[in-house]
Amino acid sequence: MKKIAILTQPLKGNYGGIIQNYALQEVLRGGGFEVETIAREYGRDATATRRFLAHLKNDTYNWVVGKRKKIFSKKEAEFIFAENTRFIQERIGLSPKLYDTAGLAQYFKNRDFDAVIVGSDQTWRPKYSPAIGNYFLDFLVDNSRIYKMAYAASFGTDEWEFTEREREECSTLIEHFDAVSVREKSAVSLCQQFLNVEAEWVLDPTLLLTQADYRKLYSHKDGHKKGVFTYILDTDVKKRELVEKVANKLNVSVYTHQPHRPIEGGNVYDFDNLDDFKYPAPEGWLQSFDDADFVLTDSFHGTVFAILFNKPFYAIVNDARGAARFHSLLQMFDLEHRLITCIDTFKLNTGKLDINYQHVNEKLTQWRGKCAVFLQQNLANLLNDHKAYEKFSV
């Protein structure tokens, strides 16, 4: 059986990041491949040093303005992320932790992979990546045997954030890729303009799986709530007021599936109660979308799962985390009108809360077919027999 490695962002507290990795893995396994996700962690590369300095600058600012930010011990972090860790260990084939370029190169040499796929999520956003060169496969530059692909790689934004040195390095490295696809329409232009490469626009991996695929993960669970489900990553007064307004209009309750308190962003927190920061199980996060009467979110993957489970929703654009992702996703399904770009000017129209999901699902089927063709055409040469090729579909 041919072996494929997935290289994505480090998996920890981001539900969307974890589930997109799971989804891509399952699609590839369905195609007859052995799949392993590379646990590239933040380590000792130059980019990691830059990230440390950025965090130091941010911490200094927080101290000046009177904010508190807790740095949890290893034991405390293990408790907080225990459910996510369990899901990853049970559901995702993960490599040992790798911390630098040399470690990646040696691991690939030892494991004898046939292919590597970079993506999805914001793997091509320098400030989010442990080492941006790794996500353009700098550790395989002298290895022409391994098939190299990007699937739904994302810059996260329509603004170019690479330094000139990074651009030069990555534009050279991407020449060694056999196939390139990106998650945002704007990324197609960024690839052309700055990396001199043609890229195909494809679905985020989470949308390659169906409702039935996800329900297998929590069919044994019950007792979940209904009403307005909120998945808000960066809460503030205006967003809370909007949630209350929607719930009152629909005459339903509000529920969420997040830690009671965020690890970052607060003013005066009591950090003694670790339960306040513990992440609930990813399975419950998925079921919360399934059970909801309505969804309000400022998350890209929150928007994805509202669409996938055919829920009426509003997505609040999250400029800090990348607005282009929202515009591109909603454009795919003619749902741009569900994006709130400014809460101050937004007017809730209860007569237009429902969505024509027949049209959306038809578009989703078309996109899945397109993505299946992309994967089939670019991975068919790795398959050993025709039956495996026929099975490989989404």
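How many aromatic pairs does a search of the whole structure find? The search finds 28, where rings of Phe, Tyr and Trp (its six-membered ring) pair if their centres lie within 6.5 Å, planes under 30 degrees apart counting as stacked, over 60 as edge-to-face and the rest as tilted. The model is a predicted one, in which local features need pLDDT of at least 70 and side-chain atom pairs count only at pLDDT 80 or more, while totals for chains, interfaces and linings use all residues. Residues are numbered from 1 along each chain as its sequence is written, and side-chain values use heavy atoms, with hydrogens and water left out.

One of these pairs joins Tyr-22 and Phe-87, edge-to-face at 5.9 Å centre to centre with 65° between the planes. Because Tyr-22 belongs to helix H1 (residues 15-30) and Phe-87 to helix H4 (residues 82-91), the pair ties together parts that are 65 residues apart in sequence; helices (H or I, at least four residues) and strands (E, at least two) are DSSP runs, numbered from the N terminus. Tyr-22 counts as buried at 8% relative accessibility, and Phe-87 is buried as well, at 0%, where buried means under 20% relative accessible area, exposed over 50% and partly exposed in between (1.4 Å probe, protein chains only).

The rings of Trp-285 and Phe-289 also form an edge-to-face pair, because their centres are 5.0 Å apart and their planes stand at 85°. These two residues are 4 apart in helix H10 (residues 282-291), so about one helical turn separates them, and both are buried. Ring pairs also link them into a cluster whose members include Tyr-214, Phe-229, Tyr-231 and Tyr-255.

The sheet comes next. Five strands form an open sheet in the order E9-E8-E10-E11-E12, with parallel pairing, two strands being paired if DSSP finds at least two bridges between them. Its edge strands, each pairing on one side only, are E9 (254-256) and E12 (339-340). Within the sheet, E10 (residues 294-297) and E11 (residues 313-316) pair in the parallel sense over 3 bridges. Helix H9 (residues 237-250) packs on the sheet and touches E8 (228-231), E9, E10, E11 and E12, contact meaning heavy atoms within 4.5 Å. The direction of H9 makes about 170° with that of E10, the axes being lines fitted to C-alpha atoms, for helices over the stretch in contact, with angles running from 0 to 180 degrees between N-to-C directions.

Finally, Arg-183 lies over the face of Phe-300, at 4.1 Å from the ring centre, a charge sitting over a ring if NZ of Lys or CZ of Arg is within 6 Å of the ring centre and within 35 degrees of the ring normal.
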